[in-house]
Amino acid sequence: MKDEELTPGAAGPEEQAGPSPAEAGAEPSLQDMEAQIAQALAQAREAWAAEEQERLEAAVAAERVRCDDLLRQNALERQLREAGLDPAFAPFLKGGPEKEDGARLTLFAGLVQGQITAALAEKLRGGEPPRAPEPLRGYDRDSLNRMSPREINERWEDIAAALGRGG
C-alpha cells in the first residue's frame with residue numbers, strides 16, 4: 001500500500017464520488033419516481049381493462065341466456081295455444097333441455113285432459129246422470145183402453161196432467 005492511501009482524512013476515488021443513493025438511504029430521483037408511477041399506472045389500467053372486459057363478457061353471456069330463455073318460452077306459448085291450452089303454463093314446462101319441450105308439452109296436455117276427465121267423473125258420480133225426458137203423450141180413450149190397469153196406475157200422474165186433472 002502506498003502512503004498516500006493511508007493518510008488520514010484523504011479520501012479515495014470511490015469515496016470522493018459519494019455513496020450511492022441506495023447505500024446512503026437517500027430518496028430516489030424525481031425521474032425514477034415518475035417512471036415507477038407511470039409503470040404502476042399502466043399496470044393498473046391494464047388490470048382495470050381486463051376486469052372490465054370480463055364484466056362485459058359476463059353481462060353479454062347473461063343477456064344471451066335470458067334472450068334464449070325468452071325465445072324458448074315464446075315457442076312453448078305458441079305450441080300451447082296450438083294445442084288449445086293456456087300459454088301461461090309455458091314457464092312451468094321449460095324446466096329441462098329444449099329438445100324435450102315437445103315431449104313435456106304432450107305429457108302435460110295428457111295430464112290436464114286426464115285431470116279434467118277425473119274431475120268431471122267425480123262430479124257426475126254424485127248421482128245418476130239425468131235421463132232424457134219422455135215426451136208427453138196425449139192420452140185418448142183408445143190409448144187408455146189398450147193399457148192394462150197396472151200401466152194406467154204407473155202412468156197416472158202423466159195421464160192426469162194430460163187430461164187436465166190435477167191428479
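Is E63 buried, partly exposed or exposed, judged by its relative accessible area? E63 is partly exposed, with a relative accessible area of 42%; buried means under 20%, exposed over 50%, and partly exposed in between, with a 1.4 Å probe and protein chains only. The structure is a predicted model, in which local features need pLDDT of at least 70, side-chain atom pairs count only at pLDDT 80 or more, and totals for chains, interfaces and linings use all residues. Residues are numbered from 1 along each chain as its sequence is written, and side-chain values use heavy atoms, with hydrogens and water left out.

**Salt bridges in the whole structure**

- A search of the whole structure finds 3 salt bridges, a salt bridge being a side-chain nitrogen of Lys or Arg within 4 Å of a carboxyl oxygen of Asp or Glu.
- In general, side chains of opposite charge can pair when their charged atoms come close.

**Pairs in helix 4**

- Helices (H or I, at least four residues) and strands (E, at least two) are DSSP runs, numbered from the N terminus.
- R55 and E52 form a salt bridge through their side chains, at 2.8 Å from N to O.
- Because R55 and E52 stand 3 residues apart in helix 4 (residues 30-82), about one helical turn separates them.
- R55 is partly exposed at 47% relative accessibility, and E52 is also partly exposed, at 28%.
- E63 and R66 form a salt bridge as well, with 2.8 Å from N to O.
- Both E63 and R66 belong to helix 4, where they are 3 residues apart, about one turn of the helix.
- R66, the partner of E63 in this salt bridge, counts as partly exposed at 46% relative accessibility.

**The pair in helix 8**

- E154 and R150 are joined by a salt bridge between their side chains, at 3.7 Å from N to O.
- Since E154 and R150 are 4 residues apart in helix 8 (residues 149-154), they are separated by about one helical turn.
- Both residues of this pair, E154 and R150, are exposed.

- D101 is located in helix 6, which covers residues 101-124.
- With a relative accessible area of 7%, D101 is buried.
- When neighbours within four places in sequence are left aside, D101 is in contact (heavy atoms within 4.5 Å) with R72, L76, L93 and K94.
- D101 and A75 are 26 residues apart in sequence, and their C-alpha atoms are 9.5 Å apart in space.
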